[in-house]
Amino acid sequence: MRGLLKSLRPLHWSKNLLVFAPVLLAHETSSDALLAVLLAFTAFCLLASGTYLLNDVRDREHDRSHPKKRFREIASGGVAPLTALIAGVLLIASGVAIAASVSLELLWYLAGYALLSLTYSFVLKRRVFLDVLALSALWTIRVLAGGVAAGVEVSDWLLALSVFLFVGLALLKRYADLGLHTAEVNVVPGRGYMPGDRDLVRSMGVASSYLAVLVLALYLSSPKVAELYGSPRLLWLICPLLLYWIAHMWFLAHRGEIQDDPIVVATRDPASYVVGILIMVIAWLAVQP
């Protein structure tokens, strides 16, 4: 049971906090909206854990040749594949039921997430750059689902920011993973990348990440910001903070200190917490008249 719970990867549930982004950015504080988003968060956590189990069963042979993933419970034999399959199906069904209780539209987003997640696990994760686009889409779907659950429109600005930022984070994840393999390996097992692709992946990832900051800067110049914030110029302080955080994460990956999903790593990183708190304080001050 302990091994099964570990295989659910509860630390990865932090990525599902993205469903709260539309509510926070739209300053929507009604209890009904917050409850709906909380239920959406729960549904995504159950669904994500279920797909993780199915993915680990599917990749157990490849994981056994990976320097870190070979210690996963299913790959190491700590959890039987059949047990993981049954638990995965039950978790996915529970997530679907919760999403259906919120709205049919949220259920469609959850179904799209599940379909893309399974397609990623079985096909796309072995295709160069398509895997990155799929990961970015999975993170962006969470943002869209949060807007649907709360009845809040997700702006084009938020979508553009999400796409560039999440592509950058997905490439950061690939860059860190490639650093775990020696140059003698022709192709990384279970992936379409070669260790020699690492420099190219880094270049694309840094460029995409900084494009996200550019999108944020353009958004801060838009009339919409003046409608939502009493002191909109304060929000410009977020740009250097985001630039710092992106550089910080890439330095960690370059030094071999990231061996997991970047968002999960950020939940254990003191600098990320400091940046996050400062951004929230700046946003709160900017709201004040």
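Where does Thr 140 lie? Thr 140 is in helix H8. Before going further, two notes on the source. This is a predicted model, in which local features need pLDDT of at least 70 and side-chain atom pairs count only at pLDDT 80 or more, while totals for chains, interfaces and linings use all residues. Residues are numbered from 1 along each chain as its sequence is written, and side-chain values use heavy atoms, with hydrogens and water left out.

Helices, by the way, are DSSP runs of H or I with at least four residues, and strands are runs of E with at least two, numbered from the N terminus.

Back to Thr 140. Its relative accessible area is 8%, so Thr 140 is buried; buried means under 20% relative accessible area, exposed over 50%, and partly exposed in between, with a 1.4 Å probe and protein chains only. Not counting residues up to four places away in sequence, Thr 140 touches Leu 159, Ser 162, Val 163 and Phe 166. Contact here means heavy atoms within 4.5 Å.

Those partners bring us to the next helix. Helix H8, residues 130–150, packs with helix H9, residues 156–178, at an angle of about 135 degrees, and their axes are 8 Å apart. H8 is therefore oblique to H9. Angles under 35 degrees count as roughly parallel, over 145 as roughly antiparallel, 65 to 115 as roughly perpendicular, and the rest as oblique. The axes are lines fitted to C-alpha atoms, for helices over the stretch in contact, and the angles run from 0 to 180 degrees between N-to-C directions.

H8 and H9 cross in a right-handed way. That term applies if the near helix is turned clockwise from the far one by less than a right angle, and left-handed applies if anticlockwise. On the H8 side the contact includes Leu 135, Trp 139 and Val 143, and on the H9 side it includes Leu 159, Phe 166 and Arg 174. By class, this contact of H8 with H9 has 14 nonpolar, three polar and three charged residues. Nonpolar covers Ala, Val, Leu, Ile, Met, Phe, Trp, Tyr, Cys and Pro; charged covers Asp, Glu, Lys and Arg; the others, Gly among them, are polar.

Now the second pair. Helix H3, residues 31–58, and helix H7, residues 104–122, pack at about 20 degrees with axes 10 Å apart. At that angle, H3 is roughly parallel to H7. The crossing of H3 past H7 is right-handed. Among the residues that meet are Phe 44, Leu 47 and Arg 58 in H3, and Leu 110, Tyr 113 and Phe 122 in H7. The contact of H3 with H7 has 12 nonpolar, four polar and one charged residues.

Leaving aside neighbours within four places in sequence, Val 37 is in contact with Val 19, Phe 20, Val 23, Gly 146, Ala 149 and Ala 150. Leu 39 is also found in H3, but counts as partly exposed, at 30%.

Last, the cysteines. Cys 45 is buried at 5% relative accessibility, and Cys 239 is buried at 7%. How many disulfides are there? The count is zero, taking a disulfide as a pair of cysteine sulfur atoms within 2.5 Å.
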